[in-house]
Amino acid sequence: MTKGAADWLQELQNLGIETPLRIMNVCGGHERSISSAGLRTIIPANVELVPGPGCPVCICPEEDVYEAIQLALNEDIVLVAFGDMLRVPVNVPRREPRSLEQAKAAGADIRPIASPTEAVRIASEDPTRTVVFFAAGFETTTAPVASMLAEGVPDNLLVLLSGRLTWPAVAMLLNSGKPGFDALVAPGHVATVMGPEEWEFVVADHDIPAAVAGFTPDSLLAAMYSVMRQLRDGRHFLDNCYPQVVRPGGNEEARRQLDAVMEVVDANWRGIGIIPKSGFALREAYAAHDARKRFTSYADASRKRVGEMPPGCDCAKVVLGKIYPNQCRLYGRGCTPRKPIGPCMVSDEGACRIWWSSGMRENEWAGREKDTVNG
Amino acid sequence: MCLAVPMKITAINGFQCTCEAKGIEREVSLFMLQHEDVGPGDHVLVHVGYAIQKVSSQEAAESWALFDEVLAEL
């Protein structure tokens with residue numbers, strides 16, 4: 001008989017930990033489960049659950065979105081992208097399209113897709129047109145893109161890749177000396193593909209307790225119990241609270257395909273900067289399908305200077321868990337899911353959008369120009 | 001975007017299969033699971049049209065109970 005959420009909650013209270021404790025999650029799916037199940041209101045008051053870097057749309061470099069918009073506007077191509085990407089705003093003069101959605105309204109052929117297999121189908125149906133697949137995502141989403149290329153795609157299908165790895169952002173926070181959390185709940189579906197071992201560095205190098213969790217409230221509470229007990233006992237290790245799905249080594253075939261098609265490179269994160277070995281790039285063997293090699297004139301290096309979050313938007317601090325979503329001055333004021341200003345309010349994985357759709361309406365920005373939570 | 005949902009395989013044709021969940025059918029690629037022995041009736045975790053792992057029917061049922069709550073909210 002497995003334990004349910006109520007049992008784990010009781011166990012968690014029985015630990016009797018009274019010191020303030022911050023547990024970070026790095027997955028939009030985790031944050032959505034935590035918010036929709038209301039876990040923050042039922043766990044002990046001294047425990048904070050901090051949403052960290054868990055939204056690939058939010059950190060997709062502004063210059064990559066700009067490049068996709070310019071390609072779609074100026075070349076005779078079909079641009080396809082996961083639906084979340086279409087509303088991500090870029091910083092441009094008022095008269096220019098500021099998202100793929102606006103570029104589409106201006107006449108560009110831009111289509112939302114739900115799967116890489118749709119990109120293959122669209123390219124197969126009309127071999128005379130070039131199809132560019134703008135693919136942003138973390139490991140779970142980038143692995144299927146690699147799988148698509150490994151299986152073989154039509155000559156007219158190119159990929160504008162903006163894939164990222166999750167763990168290097170956590171490593172960057174830990175190496176900063178001010179990580180802002182005492183324990184980590186590691187992402188279950190990233191670990192399903194890549195293996196839980198990716199997260200061992202959190203314990204081995206930083207002595208921070210960690211547990212891989214699934215997406216049900218009981219799996220998340222089990223992970224919280226695990227890391228809190230590790231802290232109480234002073235014995236830290238990487239726990240796996242999602243063993244039904246997360247196996248040692250992950251999905252080895254998926255990792256093999258990922259490695260065959262892509263290499264790991266230093267990569268830019270919107271509002272955050274370059275994180276070493278945190279991005280995917282197509283290997284030379286797949287250069288014929290690399291949109292960046294076919295269309296070289298759209299990568300505008302000068303944009304990297306303006307490639308930040310929109311003015312006034314604190315998405316970068318939200319992504320790094322430095323503030324909570326409603327501690328941004330724009331939250332619920334200028335920025336709502338209907339009229340989003342920052343990417344964290346656009347994406348279903350963005351912490352701002354998740355908090356808003358879970359009913360959090362109060363803005364707690366107190367006019368302070370500092371990292372409120374970490375102080 | 002990293003959330004995968006469990007579905008039941010109803011038919012297989014090479015690396016392509018048809019999956020079902022909640023009365024909805026989807027074409028799903030098994031290319032990332034080509035090392036696994038999967039067949040009709042098995043459950044797989046599906047993300048952006050790709051099966052990323054084989055799962056038990058119990059895990060599938062538990063996950064769907066959660067998604068019902070999340071989807072009701074969206």
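Predicted model: local features only at pLDDT ≥ 70, side-chain atom pairs only at ≥ 80, totals over all residues.
1. Residues are numbered from 1 along each chain as its sequence is written, chains are lettered from A and ligands numbered from 1 in the order in which they are written, and side-chain values use heavy atoms, with hydrogens and water left out.

2. Let us begin with the interface. Chain A brings 42 residues into contact with 27 residues of chain B, where contact means heavy atoms within 4.5 Å. About 3,000 Å² is buried between chain A and chain B, and carbon and sulfur atoms give 62% of that area. Buried area is the accessible area (1.4 Å probe) that two parts lose on being put together, summed over both. A:Glu151, A:His189 and A:Asn251 supply 16% of what chain A buries against chain B, more than any other three residues.

3. What holds for charges and polar atoms here? The count of salt bridges between chain A and chain B is zero; such a bridge is a side-chain nitrogen of Lys or Arg within 4 Å of a carboxyl oxygen of Asp or Glu. Nine residue pairs, both at pLDDT 80 or more, are in polar contact across the interface of chain A and chain B. A polar contact is a pair of N or O atoms within 3.5 Å; within protein, one must be able to donate a hydrogen and the other to accept it, and residues adjacent in sequence count only if both atoms are side-chain atoms.

4. On the side of chain A that touches chain B, α8(A) gives the largest share, eight residues. Helices (H or I, at least four residues) and strands (E, at least two) are DSSP runs, numbered from the N terminus.

5. Now look inside chain A. A:Phe82 and A:Phe133 form an edge-to-face aromatic pair, 5.6 Å centre to centre with 80° between the planes. Rings of Phe, Tyr and Trp (its six-membered ring) pair if their centres lie within 6.5 Å; planes under 30 degrees apart count as stacked, over 60 as edge-to-face and the rest as tilted. A:Phe82 lies in strand β3 (residues 77–82) of chain A and A:Phe133 in strand β5 of chain A, so the pair ties together parts that are 51 residues apart in sequence.

6. Finally, chain B has one helix and five strands, in the order β-β-β-β-β-α along the sequence.
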